[in-house]
Amino acid sequence: MKRKMTKAEKTEARWCWFFIAPTMIGLVVLNFYPIINTVWQSFCETGDFGRGNTFVGLKNYIDVLSGGEFWISLWNTFKYALIEVPFSVCIALVLAVLLNRKMRGRSVYRTIYFLPMVAAPAAVAMVWKWLFNQQYGLLNHIFGTDTAWISDPKIAWVSIGIIGVWSILGYNMVLMIGGLQEIPRDYYEAASIDGATGIRQFFYVTIPLLSPTIFFIVQTRIIGALQQFDLIYMVMDTSNPALGKVETVVPVFYRYAFTYGNKGCGATFVILLLLVILALTVLCQKAEKKWVFYN
Amino acid sequence: MKQRAVATGLAIAAALAMTACGAEEAGTGSGGASGSADALEVKIWDGAQVDGLQQIADEWTAQSGIKVNIQTLGWDEYWTLLEAGATGGDMPDVFWMHSNVAQKYMENDMLLDLNSRIEASDKIDMTNYYEGIAGMYRMNDVQYAVPKDHDTIALCYNKAVFDQYNVAYPDETWTWDDFYDAAKAITDAGAGNAYGYAIDVGNNQDGWWNIVYDFGGYIISEDKKTSGMDDPKTLEAMEFLGKLIKDTMPPQSVISENGCGTLFNSGVVAMTTQGSWNINTFYTSDNSENYGWAMLPYCDRNGNGAVDEGERCSIYNGIGWAAAANTDAPDAAWELIEWFCSEENQVKQADLGVTMAGYLGASDSYASAFEGMNIDAFLDMEEQGTLIFRPCSKYTTNWETMMGENLVGAWNDTSTMEATCRTIAENMNAQLAQE
């Protein structure tokens with residue numbers, strides 16, 4: 001039932017709008033307008049310098065979907081996400097539990113794990129690129145191997161995944177520590193009185209009560225992983241023989257839009273990616289009801 | 001009531017902060033764009049040249065009172081930014097133009113028409129510049145950029161590696177077969193620690209395109225409508241290149257991960273082909289006292305034992321100085337271009353070791369700019385060899401990138417070279433048909 005607002009409420013509402021205006025204007029100008037423009041461009045054959053766009057209907061979509069490049073890059077994107085999401089979440093969970101206990105140097109460890117998040121992604125990528133270098137890299141030097149970590153088409157996707165996991169681990173961990181601290185100690189006390197060991201407490205108390213946080217992280221990381229760009233752009237040189245097995249959708253979009261200057265096809269790539277992400281998000285939300293535990 | 005006062009105060013403060021930001025942005029924005037320019041924004045893509053160019057520009061500032069801020073970007077970022085700037089109407093005042101994209105920028109009226117200004121100038125006469133380069137930046141008789149430089153390609157070799165494996169240094173008598181023999185000798189003796197030669201798929205102007213033209217092949221037809229990648233002569237050259245890749249180079253993944261320059265500078269590779277714009281990199285390298293330069297080898301197609309026209313080719317190119325069509329300071333921008341391209345400063349540019357000149361006959365002093373290193377080979381290439389203008393069309397970048405992508409496979413398995421070249425020709429013809 002709708003009721004008339006009082007004068008005070010009206011004033012408050014006005015102030016609300018006033019305070020969210022900066023964010024709203026930013027979103028509209030920097031996000032909504034480009035999104036609409038991108039959708040429009042995906043239906044156009046774009047001219048040079050954004051001039052002379054002509055509407056061509058679904059032509060770009062037919063071209064992109066019938067060519068192999070989109071499907072290969074989509075598969076590469078999933079391969080990357082399949083490494084990044086499960087590993088970064090599981091390892092972060094274990095680390096969070098370990099670093100949530102009382103121990104010496106706890107904040108030092110937390111800081112160390114969080115540091116990659118503070119470093120610029122481009123810098124992270126460059127350092128890993130040299131660690132992975134076949135001839136002069138530290139990894140091959142330490143292990144005494146001669147592995148082409150980032151140039152061997154069979155393993156390059158794993159190497160890239162490792163960098164991804166390493167970069168995001170600390171962030172996931174900090175979120176999980178936050179979630180852990182919300183769990184009341186009483187549950188653990190009750191569990192230990194009932195004779196539950198540490199492992200059993202982890203699986204029957206920690207995980208169910210942490211599931212909202214875990215769900216949030218999984219959901220946002222899936223979205224983030226599917227949008228992977230900078231690692232691949234920085235680490236994989238354009239003449240890298242493994243590029244075709246690693247290049248995800250966004251770098252391919254970048255190549256079309258900015259190297260080839262074909263904004264229309266580029267836009268089509270990202271719109272298709274957007275649809276994939278939307279579908280996965282809906283699936284995740286459906287799954288949420290099954291296993292996420294809100295008390 | 002008190003709360004409300006605080007809230008109002010905060011809101012006003014926030015609003016003030018926002019408008020202050022806005023004003024500041026507008027201020028910096030108009031700095032480069034104001035009618036009476038007190039500073040020109042210049043963008044280039046080669047960090048090795050910025051010191052010399054800034055020095056020349058500063059002398060102009062001393063007499064014109066207009067500051068010149070030269071910014072350097074990486075090659076890829078440069079084109080991304082320039083295109084974004086052109087699309088959004090915010091280009092630098094003065095910048096470098098390249099044959100790869102010149103046609104696209106000229107057709108879309110992104111560059112300042114220089115005709116009337118050239119006509120009125122007593123310093124610039126277009127007949128004084130390399131015609132291949134000057135013509136590249138001309139469309140429908142309108143000149144859009146003035147040549148800044150020209151370049152040639154030569155062979156750099158590491159004497160220490162040659163001595164170690166007891167192989168004779170390259171000289172002007174070398175054919176590509178001699179080159180192959182020497183490179184193979186070093187590679188065989190090096191047994192994985194040393195290789196004769198290295199180029200990656202992207203080393204076209206400073207690498208395999210020269211071989212293609214030496215063998216009598218071509219990359220793109222004169223009318224820019226068809227690809228030459230499936231021409232029999234080109235295929236012959238590419239088969240020879242395949243032999244070089246297989247027998248004298250490190251695995252392609254090694255070249256890709258480290259880059260030819262690094263491999264050469266660390267003594268892993270004995271020879272590298274390089275453009276004159278890159279001399280300074282090798283001049284300032286740790287082992288530069290071991291480096292020598294020779295002309296590129298030739299291909300004795302008619303078998304007469306002498307170098308004939310077209311048998312020793314150097315793909316050449318030249319950057320052009322251009323100004324934005326919508327710059328707010330067209331006069332100042334032109335004066336700076338005129339300054340950079342005048343005979344005096346073209347000579348000076350060579351003197352300072354920045355690059356060879358775009359002005360005919362102004363490059364002689366370039367050879368003496370690198371004390372202790374003999375780089376005559378670059379000038380000899382021009383006098384004794386054949387200059388071929390860098391293959392290009394309206395969307396050069398598109399087929400150039402496509403070539404590189406396809407050739408990665410052929411570099412890794414040279415038996416697929418011919419099939420790859422035919423695929424490239426097919427794709428390139430399709431792309432050219434759409435231009």
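Biologist: To begin, is A:G50 buried or exposed?

Modeller: A:G50 counts as exposed, because its relative accessibility is 51%. Buried means under 20% relative accessible area, exposed over 50%, and partly exposed in between (1.4 Å probe, protein chains only). This is a predicted model, in which local features need pLDDT of at least 70 and side-chain atom pairs count only at pLDDT 80 or more, while totals for chains, interfaces and linings use all residues. Residues are numbered from 1 along each chain as its sequence is written, chains are lettered from A and ligands numbered from 1 in the order in which they are written, and side-chain values use heavy atoms, with hydrogens and water left out.

Biologist: Where is the place of A:G50 in chain A?

Modeller: A:G50 sits in the loop that runs between strand 1 (44-45) and strand 2 (54-55) of chain A. Helices (H or I, at least four residues) and strands (E, at least two) are DSSP runs, numbered from the N terminus. The C-alpha atom of A:G50 is separated by 49 Å from that of A:L95, which is 45 residues apart from it along the chain.

Biologist: And how many helices and strands are there in chain A?

Modeller: Chain A has 13 helices and 2 strands. Of its 295 residues, 40% are buried. Its C-alpha atoms fill a box of roughly 75 × 75 × 35 Å along the principal axes.

Biologist: Which residues make the nonpolar surface patch?

Modeller: The patch covers about 1100 Å², and its members include A:W17, A:M24, A:F32 and A:I36. Patches are made of residues with over 30% relative accessible area and no salt bridge; nonpolar side chains (Val, Leu, Ile, Met, Phe, Trp, Tyr) are joined within 5 Å, like charges within 9 Å. A:I36 belongs to helix 1 (residues 7-42) of chain A, and with 59% relative accessibility it counts as exposed.

Biologist: Which of A:E84 and A:R221 is buried?

Modeller: Both A:E84 and A:R221 are buried. These residues form a salt bridge whose closest N and O atoms are 3.1 Å apart. A:E84 is in helix 3 of chain A and A:R221 in helix 9 (residues 198-226) of chain A, so this pair ties together parts that are 137 residues apart in sequence.

Biologist: Over to chain B. Which way do B:G320 and B:W321 point from strand 12?

Modeller: B:G320 and B:A322 point one way from strand 12 (residues 320-323) of chain B, B:W321 and B:A323 point the other way, and all are buried. In a regular strand the side chains alternate between the two faces of the sheet.

Biologist: What stands opposite B:W321 in strand 12 of chain B?

Modeller: B:W96 stands opposite B:W321. Strand 3 (residues 94-97) of chain B pairs with strand 12 of chain B in the antiparallel sense over 4 bridges; two strands pair if DSSP finds at least two bridges between them. Strand 6 (residues 145-147) of chain B also pairs antiparallel with strand 12 of chain B, over 3 bridges, and B:A145 has B:A322 as its bridge partner.

Terms used: Accessible areas come from the Shrake-Rupley method with a 1.4 Å probe; for residues, only the protein chains shown count as cover. A salt bridge is a side-chain nitrogen of Lys or Arg within 4 Å of a carboxyl oxygen of Asp or Glu.
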